[in-house]
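Q: Please take a close look at one part of this model, the open sheet, and then describe what else can be said about its surroundings.

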Amino acid sequence: MAEAPAYVILGRGHWAQRMRPIIADENRTVATIEETRQRPSESESAYVARLAEATKASSTQIAWLCVPPGPHVTLMIQAALDAGLHIIVEKPWYGSTEDTQRLQSLSRARCRLLAVHFEYLVHREVENWRKSFHPGSGLRFGGHFFLGHPDRSGLPAIDNLGCHLLAIREFAVPASEISEIQCAYERPDERLVWIEKAGQRISSIDLLQGSQRIIQNFMKKVEAALGGAAFPFDLEFALRVANQLNACKARRSA
């Protein structure tokens, strides 16, 4: 049996603090690099080189970028690839088409996995949707994602929460029409997706049920991919979700 990979978390915020014990509780070695910000006088190339050196020095195999999205993430991915690590990136993905293609091509050339953490895609019922309804032609897709607590991410709810819903659609029923997407903070918890046909709801998934270990299950899927198993949730997948998210926001503002 192959030895379990070691992880290094890049980041110091709420999500990094949450992820560390989750990874450690799976009997995985986990290191942390907290100093991930580009310094005011530091060039991009110097920043990438410094972060690559620190990441390589961690003597780990998987870098988990537990930082808010933004232009810095592209540079952090470059640094981790330069250090020879596999990478997990948090959603949503804000990278350009050009950056997506460049980093994805580089990761393949170096035989490194580049994963985006859409954890609900390993939910058993979401996987069953893909088996039963893919690609979803003639169906309508809807979802609600409400959190009972204030925002901790600094992101609009449609970006932070809506990308989960649209990732489910892209994975399970990409040919479906979007009927409704609602997301909000500080509302009673609800994480629900459904599909309709001919005006009737034919299936729904309460994402609050059966999701107790989805982060751990996502880790298992990543680690299986290191051994050659298929892994579809890469930057190109994340870019398709981002494009749908942008289209959804454009329809709202029209």
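A: In this predicted model, strand S6 (residues 140-146) runs parallel to S7, and seven bridges link the two. One of the paired positions is Phe145, whose bridge partner in S7 is Cys183. In general, strands of a sheet pair through backbone hydrogen bonds, in either a parallel or an antiparallel sense.

S6 and S7 belong to an open sheet of four strands, ordered S7-S6-S8-S9, with mixed pairing. S7 and strand S9 (200-206) are the edge strands, each pairing on one side only. From one strand to the next, the twist averages 15°.

Strand S7 (177-184) also has a part in covering the buried residues of helix H9. Other elements in that cover include helix H3 (71-82), helix H4 (97-109), strand S5 (114-117), helix H6 (157-160) and helix H7 (162-172). The buried residues of H9 are Leu235, Phe237, Ala238, Leu239, Val241, Ala242, Leu245 and Cys248.

H9 itself spans residues 235-253, 19 residues in total. From first C-alpha to last, H9 reaches 27 Å, close to the 27 Å expected at 1.5 Å a residue. The N-terminal end of H9 is capped by Asp234, which places a side-chain oxygen 3.2 Å from the backbone nitrogen of Glu236.

A separate site is Glu42, in the loop between strand S2 (30-33) and helix H2 (44-57). Glu42 counts as buried because its relative accessibility is 12%, and the cut-off for buried is under 20%. The side chains of Glu42 and Arg50 are joined by a polar contact of 2.7 Å. Leaving aside residues up to four places away in sequence, Glu42 touches Arg37, Tyr47 and Arg50.

Definitions and conventions:
Residues numbered from 1 in each chain as written. Predicted model: local features only at pLDDT ≥ 70, side-chain atom pairs only at ≥ 80, totals over all residues. Heavy atoms only, no water. Expected span 1.5 Å × (residues − 1). Buried < 20%, exposed > 50% of the residue type's maximum accessible area, 1.4 Å probe, protein only. Contact = heavy atoms within 4.5 Å. Polar contact = N/O pair within 3.5 Å; in protein donor to acceptor, adjacent residues only side chain to side chain. Pairing = 2+ DSSP bridges. Axes fitted to C-alpha atoms, helices over the stretch in contact; angles between N-to-C directions.
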